[in-house]
Amino acid sequence: MPNHPPSDGSWRHTLGSPSFPIEPGRYHFYIGLFCPFTHRVTITRELKGLQDYLPLSVVKAHPKEGGGWRFPVTDDEYPGSTIDNLFHFKLLTRGLLQER
C-alpha cells in the first residue's frame, strides 16, 4: 500500500505550523500509558521539550473496568495516572461525548 502525502483539508497537520501554533493553554493531551499511540505522543512531547506547552492527563491503566478510560479520584490513587487536570471528568468518554 503506497503512503500518499496528506491532501489539503485532511486532519494531518504539524503542531507549530500557522494552522496549529504551539501556545500555552491551546492543547491538552489525554493519554493512557497502556496505549501505543498515546505512548508515542508522550515520548515525542518529552524529547521535544514541550511539557510547558502540551500538558497532559493520564487515565488509569485498566480501560475496560468501569466503562472506559477512567481518571482516578486523586493523583495518588493509581500510580502513574492523574486526575483530569482540564475539565475534571471522571471518565474520558464524558469529555469526548460532550458538545462543545
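Author: Ser57 counts as buried because its relative accessibility is 0%, where buried means under 20% relative accessible area, exposed over 50% and partly exposed in between, with a 1.4 Å probe and protein chains only. The model is a predicted one, in which local features need pLDDT of at least 70 and side-chain atom pairs count only at pLDDT 80 or more, while totals for chains, interfaces and linings use all residues. Residues are numbered from 1 along each chain as its sequence is written, and side-chain values use heavy atoms, with hydrogens and water left out.

Ser57 lies in strand β2, residues 56-58; strands (E, at least two residues) and helices (H or I, at least four) are DSSP runs numbered from the N terminus. Leaving aside residues up to four places away in sequence, Ser57 touches His28, Phe29, Tyr30, Ile31, Phe71, Thr82, Ile83, Asp84, Asn85 and Leu86, a contact being heavy atoms within 4.5 Å.

As for the whole protein, there are two helices and two strands, and from the N terminus on these elements follow the order β-α-β-α. Among contacts with a separation of 6 or more, 44% join residues 24 or more positions apart. Of the 100 residues, 27% count as buried. The accessible surface comes to about 7600 Å², and carbon and sulfur atoms hold 58% of that surface; such areas come from the Shrake-Rupley method with a 1.4 Å probe, and for residues only the protein chains shown count as cover.
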